[in-house]
Amino acid sequence: MFNFLIFIIGAALMLGMGVRSVLARRRLQTKGEKVTARVAGTAQGRDGQAYVLEFETAGGSRLHYPKAAKGKGFAAGETVTLYYDPEDPEKMYVEGDRAVLGAEVLYFALAVVLVLLMGGFVR
């Protein structure tokens, strides 16, 4: 019975994290500011390496976007579509960022695996 409970909680947690990530990304795409940004290079951010994205607003702007540890990233000089919340610029998403999309797929896949494993313990 205890194993059943652990798997249910784990699956619910993974499902919740996946749904939360998808909804946050969709919220930025529908209600956030959409700008074309240029990748100016990389810099050391508070959470590790980050891309420096430059884009034009009334006052001009630069944001640091977290860089994935592995995988193909963005090249300096490349232009990307950036969605961000002007009231909280820490909330941002670069269209087509495989790290974000991969994390969402991973959350849902782990939820399914936990449910399947739970089914094996119930028998």
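Mentor: Buried means under 20% relative accessible area, exposed over 50%, and partly exposed in between, with a 1.4 Å probe and protein chains only. This is a predicted model: local features need pLDDT of at least 70, side-chain atom pairs count only at pLDDT 80 or more, and totals for chains, interfaces and linings use all residues. Residues are numbered from 1 along each chain as its sequence is written, and side-chain values use heavy atoms, leaving out hydrogens and water.

Trainee: In which sense do strand 4 and strand 5 pair?

Mentor: Strands are DSSP runs of E, at least two residues, numbered from the N terminus. Two of them pair if DSSP finds at least two bridges between them. Strand 4 (residues 79–85) and strand 5 (residues 88–94) have 4 bridges, and the sense is antiparallel.

Trainee: How many residues of strand 4 are buried?

Mentor: Tyr84 is buried. So is Tyr83. Strand 4 is mostly covered; of its 7 residues, the buried number is 5.

Trainee: Is the aromatic pair of Tyr83 and Tyr93 stacked or tilted?

Mentor: Rings of Phe, Tyr and Trp (its six-membered ring) pair if their centres lie within 6.5 Å; planes under 30 degrees apart count as stacked, over 60 as edge-to-face, the rest as tilted. Both Tyr83 and Tyr93 are buried. Their centres are 6.4 Å apart, with 20° between the planes: stacked.
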